[in-house]
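Here is a short note to read beside the model. Take the points in order and keep the 3D view open.

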Amino acid sequence: FERKHQEAITVPLEDGYQNAELLYRGVRHLLRRARELGAISAGVSAYRASVVIWRKDGTPVSNIATWLAQPRVKRRILLRILSRAPAVSVLFSGGSPLLRFLALLSQNPSAEESVKKGELYAWGIDAYLLHRLAGRYASDVTNASLSGFINPANLRPFWFVPVVLGINPVLPEVIENTGELATCEGLRITSLIGDQQAACVAEGALGPGIAKVTNGTGSFTDIPLGSYARRGRLIPVVLLSHKQRIYYGVEGYLPTAGAAADTLLRLGILKDFSEIELASDNGGVYMVPSLRGLQLPRFTTVKGMVYGIDTGTSRLNIVRALGEGIAFHVRWVLEESGTKPAVIRANGKLSLSDRLLSLISDATGTRVERQPDIEGTARGLAMLQALSEGRASPSELARQPTGAKAFEPKSDPKLEEAYEKW
């Protein structure tokens, strides 16, 4: 694939919320621009576990509560009990989109009755965008299975969730990630998928042996499995649905990784991102870069924890602790999954750091690869369109083009000791 054009539109994020109308206008503009450049098809990827309420004519009645939002809702006793039940705790925990759904309703009291009557839609931004762009109320399997309403094991609705919430919204049609999904601006929309799953497609991480790590705003580690399974405290996810075949995996994540680096930059601890390459020693400093609370493992009160600062601590010690904190979390996810992949394929802007990828490789004892094009989500969407057109098969996606930079693991007793302390 050759990138012909690149354009970005920023939708401001305020305390985890975004303007839904601005997002729609931005996406519509990009589709229009693509058509002008000669495109005949398009793919849409959406960040997941983010909720919005809108009217049937497409007009939003709420902001988007993104995955970075930390909603505060009065939870019923049953909800509190379920948040502690191992089998369904992920559905009702503080990071669940179900709680963002409830928070939006509490912020818009008049909307709750309308949602109950089916006069308003309330779902993720994949369904919101598809409905506004093409008039089709549908959600792709990768997003729907993380909504809290749909069981990822069989893609059927959880019968008990509406009972617990006391509200039964109109559920969208659940569709595959490929096919003739809709038409907008003269373009055939042939792929719709979650952002991390698109990156898995880009890296060929659809079957056992290949894991994917995206180091962007957050750090997301996805590990393909042969079938649906729960592994430790990780989130079971659908990676792809194509021609009625479903690819499953598990995921663990840090909500803030690149966002933590941005914060160090703003505070003057990090002068520029190139200093990540210079930080070679933590000086006894340890960091958990979860500025909005640690989600997996779940300790929401752990926010940007830094330990071990003393009178001799330098800026670069803290920078090194940030890199180690990200790498150690990747290792924790792999250990929690009980798998040992042959290779980890990395993407995302923070993955431009050779030092960070070396740390991940050394910490996990696994080869790490990085393609020259680190925009994994965009590459994945391009591949999905090829898949939809019959120009490629899922097995071919695992064969990466030449030119990847590899980081081989090195034995480092000091790093091993640091992981145990972390």
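This is a predicted model: local features need pLDDT of at least 70, side-chain atom pairs count only at pLDDT 80 or more; totals for chains, interfaces and linings use all residues.

1. H11 gives the most to its lining, with 4 residues. The lining residues are Ile276, Val319, Leu322, Gly323, Ile326, Leu350 and Leu356. By class, 6 are nonpolar, 1 is polar and none is charged. The volume of this second largest cavity is about 50 Å³.

2. Next, look at how H11 sits against H12. Helix H11 spans residues 315-337, and helix H12 spans residues 354-364. Their axes come within 9 Å and cross at roughly 40°. Angles from 65 to 115 degrees count as roughly perpendicular and those under 35 as roughly parallel, so H11 and H12 are oblique to each other. Their crossing is right-handed.

3. Which residues of H11 and H12 meet? From H11 come Arg320, Gly323, Glu324, Ile326, Ala327, Phe328, Val330, Arg331 and Leu334. From H12 come Arg355, Leu356, Leu359, Ile360, Ala363 and Thr364. By class, this contact has 9 nonpolar, 2 polar and 4 charged residues. Gly323, Ile326 and Leu356 take part in the contact, and these residues also line the second largest cavity.

4. Now turn to the largest cavity. How many cavities of 30 Å³ or more does the structure hold? There are 2. The largest has a volume of about 150 Å³. Its lining has 18 residues, and Val51, Pro97, Trp123, Gly124 and Ser147 lie nearest its centre. Helix H4 (97-107), strand S5 (120-124), helix H6 (125-134) and helix H7 (141-144) each give two or more residues to this lining. By class, the lining of the largest cavity has 11 nonpolar, 5 polar and 2 charged residues.

Notes
Residues are numbered from 1 along each chain as its sequence is written. Side-chain values use heavy atoms; hydrogens and water are left out. Axes are lines fitted to C-alpha atoms, for helices over the stretch in contact, and angles run from 0 to 180 degrees between N-to-C directions. Angles under 35 degrees count as roughly parallel, over 145 as roughly antiparallel, 65 to 115 as roughly perpendicular and the rest as oblique. A crossing is left-handed if the near helix is turned anticlockwise from the far one by less than a right angle, and right-handed if clockwise. Contact means heavy atoms within 4.5 Å. Ala, Val, Leu, Ile, Met, Phe, Trp, Tyr, Cys and Pro count as nonpolar, Asp, Glu, Lys and Arg as charged, and the others, Gly among them, as polar. On a 1 Å grid over the protein atoms alone, a cavity is a set of points where a 1.4 Å probe fits but cannot get out, and a pocket is an open set with protein on both sides within 12 Å along at least five of seven lines; lining residues have an atom within 4 Å of a point. Grid points are joined across faces, edges and corners, and a volume is the space filled by probe spheres set on the points.
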